[in-house]
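Hi there,

Here is the structure I promised to pass on. Have a look at it first, and my notes follow below.

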Amino acid sequence: MGTLRSRLTFDVVAGEIRDQDRRYLLMRPDVLMGMLHELDELTRLRVLRMMAASAARHGGRSVQAYISHMPAAELSGFMQEASADLGWGAWRIEHQASSVELTVVNSPFAQGYGAALHPVCAPIAGVFQAMASAVLGAPAAVEEVECAAMGRHAACRFIATPAPVTTQDHLR
């Protein structure tokens, strides 16, 4: 399948970067994350949740495209490499008995946001949720348990576990 970096095409005439039918965007992280400072706290937290949900949904399409071309056992290694190719920091994914853990050094979202009172790496959490769901073979719940933007940790750390089954899940 090759690296993501080797598959990206830069079409300067059309003004776009693509990996097949998936379009990418180069953007300064402080431009994206800086807008959150303009919001009140309640709205900021809601936007972060929505960013994670959108990243899980749309990033999940990329994860599904990648996994269709490789054994599931190779997905974590590919995602570590692809995240670096896209400037999403240095990822280290570790598989545990019933969870998947992700450590991100140099998160562009933490760096772009600056000092925070709460975790801010929602796009990473969303993409990791999509990846972990594929690895775990079931919907995953992700929590960012450490965030470099909070000033107490050198890296951001996420834990993915199988999402709890709800009553509505049984009704489907």
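A word on terms before the residues: buried means under 20% relative accessible area, exposed over 50%, and partly exposed in between, with a 1.4 Å probe and protein chains only. This is a predicted model, where local features need pLDDT of at least 70 and side-chain atom pairs count only at pLDDT 80 or more, while totals for chains, interfaces and linings use all residues. Residues are numbered from 1 along each chain as its sequence is written, and side-chain values use heavy atoms, leaving out hydrogens and water.

By the burial cut-off, 39% of the 172 residues of the protein chain are buried. The protein chain has seven helices and seven strands (DSSP runs numbered from the N terminus: H or I of at least four residues for helices, E of at least two for strands).

Now to the aromatic pairs: a search of the whole structure gives three (ring centres of Phe, Tyr or the six-membered ring of Trp within 6.5 Å; planes under 30 degrees apart are stacked, over 60 edge-to-face, the rest tilted). Tyr 66 and Phe 78 make a tilted pair, 4.7 Å centre to centre with 55° between the planes. Tyr 66 sits in helix 3 (residues 41-67) and Phe 78 in helix 4 (residues 75-85), so this pair ties together parts 12 residues apart in sequence. Tyr 66 is buried at 3% relative accessibility, and Phe 78 is buried at 8%.

Trp 88 and Phe 109 form an edge-to-face pair, at 4.9 Å and 80°. Here Trp 88 is partly exposed at 22%, whereas Phe 109 is buried at 6%.

Best wishes
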